[in-house]
Amino acid sequence: MNPGTVSIQNLSKSYGELTVLAQLNMLLTVGKPWVLMGPSGCGKTTLLRILLGLEVPDTGTVKWDLQMSARSPVSRQRPNLPAVFQEDRLCEAFSPMENILMVTGNLFSRDQISQELCRLLPAESIQRPVHTLSGGMKRRVAILRALLAPGDGVLMDEPFTGLDEDTKLQVISYIKEKTADKLLLITTHQEEDVELLGGTLILLPFVEEPAKML
Amino acid sequence: MKQARQLIIIGFWLAVWQIASLLIDNSIVMVGPVDVIRSFSALLPEREFWRAVANSIGKISLGFLLAFLTGVLLGVLAYAWNILREILEPVVLLMKSVPVASFIILALIWIGSKNLAVFASYVVVFPMIYVSTIAGLQSTDKKLLEMAQVFSIPLGKRIRYIYLPALLPYLSSSCATALGMAWKSGIAAEVIGVPAHTIGEHLYLSKVYLSTADLFAWTIVIILVSALFEKVFLLVLRLGSGNCRH
């Protein structure tokens, strides 16, 4: 059975004089994590934003052939893709529990969410407002939010910033558990993450050269 | 220790005031704290006093509440629909720039003196609340709104978790200012229009009878009522916004 693919064809995006993506072609299949790396400014975040529907490419298309979850309405052209942004983008006045409830609706009970949150966070932290948490803890809330929200895949933009080594390993193992049958695309600056995630590296260079898959 | 020092300073200024009034020795020009307290205590047991206070509070509160509700409602709609914002812009600008006194005299011709205070406080408060509602909503973090789009968060939740927390600090700070303004313009309307059984009427009468002691006493009444009103309203606002969070 086809596990699902995302086909990116001839994608280009420029901002004024600056060309960020040029004729990008990629085929991502669901099964293993895809890890996107490249120098700063090479277009990783732009690509993610186009995939999330936050930006419109100048040319090219993205064809989705994913197993849409039962919750996605059939008429939708784009799948449900929860994301972790470069910034945490949490509602700081509210607790981690409330931030998760915001996106999961009736999918899980409070106890279930509590259980999941405690996998990566200390139990006493999940009910106090997010602005009282440390940077690393906030990051984990953002990651948990993307993994618990209903979705056909998960995109993460430099999710491990601000996490120490041990926490990172814990988080990676949790991510792998939760995305076993979903599309997973992660950008990072650290090459060791490719192996830790058990994923495939995509190197996105500056515009002059074509992208290399290794 | 700090409170003791403040009391001493207040006592010092009261003493200066009393001495000044004794030196001036003209009860029309200047009246000391002792005479003012005497006037004030004479007012308290009068039924007319409480009727006037209740009346003025009622009218000015009504004007404030109407302005608050319509200000927030129209502010939200104007934020959502640019065309409405453009249509209302000249009206709001007019309300902000025309001096209150002109509005009051005009309103006196239109609606008579009875509800003048309602109109005056409305006209002063509405533009403040309307403008700060729009500003508060515009201050909403765009990155959070993008996040809400990506996670398909329904509108009700967006309002509760993203828009409302952005709006409330703007709204509560403009409310604090607007309350004070509502009071001042409401009382000014009453002094100009002299509606029966209001604080403004008594303020005006104390001028007519050249009773400076009464003037001071009524002024103190206004200050006290205004401070009380402000505290009550802000408490309500804080309780209301506290409830929204959980």
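Modeller: Start with a definition: two strands pair if DSSP finds at least two bridges between them. Keep in mind that this is a predicted model.

Biologist: Which strands form the open sheet in chain A, and in what order?

Modeller: In general, strands of a sheet pair through backbone hydrogen bonds, either parallel or antiparallel. Here three strands of chain A line up as β2-β1-β4, with antiparallel pairing. β2 (18-29) and β4 (59-65) of chain A stand at the edges with a single partner strand each, so one side of each has no neighbour in the sheet. Neighbouring strands are turned by 15° against each other on average, direction ignored.

Biologist: How many bridges join β1 to β2 in chain A?

Modeller: Eight bridges join β1(A), residues 5-15, to β2(A). Look at A:Tyr15: opposite stands A:Leu18 in β2(A).

Biologist: Are the faces of β3 in chain A covered or uncovered?

Modeller: In a regular strand the side chains alternate between the two faces of the sheet. In β3(A), residues 34-37, both faces are covered. A:Trp34 and A:Leu36 are buried on one side, A:Val35 and A:Met37 on the other.

Biologist: Which strands does β3(A) pair with?

Modeller: Three bridges join β3(A) to β7(A), residues 183-187, in parallel. There A:Val35 stands opposite A:Ile186. Four bridges join β3(A) to β8(A), residues 200-203, also in parallel. A:Leu36 has A:Ile202 as its bridge partner in β8(A).

Biologist: How many residues of chain B are in contact with chain A?

Modeller: 13 residues of chain B are in contact with 15 residues of chain A. On the chain B side, α7(B) gives the most, with five residues. That side divides into eight nonpolar, one polar and four charged residues.

How values were computed: Residues numbered from 1 in each chain as written. Chains lettered and ligands numbered in written order. Predicted model: local features only at pLDDT ≥ 70, side-chain atom pairs only at ≥ 80, totals over all residues. Helix = DSSP H or I, 4+ residues; strand = E, 2+ residues; numbered from the N terminus. Axes fitted to C-alpha atoms, helices over the stretch in contact; angles between N-to-C directions. Contact = placed C-beta atoms within 7 Å. Nonpolar A, V, L, I, M, F, W, Y, C, P; charged D, E, K, R; others polar. Buried ≥ 20, exposed ≤ 12 C-beta atoms within 10 Å, placed from the backbone.
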